[in-house]
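Open the structure in your viewer and have the selection tool ready.

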Amino acid sequence: MIRSLRSRLPVRVIPEDSAVRVLGEPGHTSLGKRFTLISWNMSKARKRSWLDDLKLLATDADILALQEAILHGDRPHTFHLSSGFVWVMGQSFAHRWRGTTSGVKTGSRVPAISQRMIRSRDQEPLLRLPKTILATEYALKRPKANLLVLNIHAINFVSARKFSRQIAQIKEAVGLHVGPAIVAGDFNTWNPRRRSILRAAVKDLQLSRVPVAAPQWRHLNQVLDHVFYRGLELVNAWAVLNVKSSDHIPLQVEFEQPG
């Protein structure tokens, strides 16, 4: 009975052994002393202007952390191949009738040394879908130091206990990494309990929050998107307000490698 009901749902979970895809070729070999990261929930590219907005963001970014990103089946979009970025996609689920998959996607102008997808241990209700963290590493100019980037779309519509279980996965991944780290994405921090859980985790990890926020009226003016970092120097940060193809506003952050 349960299996029959799931077969009728508009989406299906992608098996973990085939969920990670790598597309495109990087245009550079290493990050400069200063580099820019942009984090954006692109709302499954529902609006026609999504590609124009993504191209605009890519002109200013060295690393793009996208949530609710899409992949057009087995055929990469021409942008994947021509952007000068290598794209690592952690596919969460497939839309049965659209021919697309959705998940978190991290693009970079430099090669990723490693990539790993971490699925939430719990699932969101109704469609029974897990949420995803994508971990990628990049070489820095400082010897023997790699930059860890965690791109997260946090689980929603579940208890604080289940939310905390996914945040614990962030703590585990960052806690095991020796070197600079960035944790960015849509954390769905729409109530005080969720914000408290996240604050406690980043404090334990000695992460600093980038002081930029972009509340949206569609989210009842709650701040859902965040960027945290350690082992880097913050140069500048702002919200990219001219992007209109999503209900989330991109956060653009310029970092500098220490030393």
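This is a predicted model: local features need pLDDT of at least 70, side-chain atom pairs count only at pLDDT 80 or more; totals for chains, interfaces and linings use all residues.

**Stop 1: the largest pocket.** How much space lies in the largest pocket? It holds about 730 Å³. Now select Lys44, Glu68, Glu124, Lys131 and Phe157. Of the 33 lining residues, these are the closest to the centre of the pocket. Colour the lining by type.

**Stop 2: strands at the pocket.** Select β5 (86-95), then β6 (100-108), then β8 (129-139). Each of these supplies at least two residues of the lining.

**Stop 3: Glu68.** Go back to Glu68, one of the residues closest to the pocket centre. Glu68 sits in strand β4 (residues 63-71). Check its backbone: phi is near 50°, a positive value in a residue other than glycine. Most residues other than glycine have a negative phi. Is Glu68 buried or exposed? Its relative accessibility is 15%, so Glu68 counts as buried; the cut-off for buried is under 20%.

**Stop 4: Ser43.** Select Ser43 next. Where is Ser43? Look in the loop between β3 (34-41) and α2 (50-60). Phi of Ser43 is also positive, near 55°, and Ser43 is not a glycine either. Ser43 counts as buried because its relative accessibility is 8%.

Terms used. Residues are numbered from 1 along each chain as its sequence is written. Side-chain values use heavy atoms; hydrogens and water are left out. On a 1 Å grid over the protein atoms alone, a cavity is a set of points where a 1.4 Å probe fits but cannot get out, and a pocket is an open set with protein on both sides within 12 Å along at least five of seven lines; lining residues have an atom within 4 Å of a point. Grid points are joined across faces, edges and corners, and a volume is the space filled by probe spheres set on the points. Helices (H or I, at least four residues) and strands (E, at least two) are DSSP runs, numbered from the N terminus. Buried means under 20% relative accessible area, exposed over 50%, partly exposed in between (1.4 Å probe, protein chains only).
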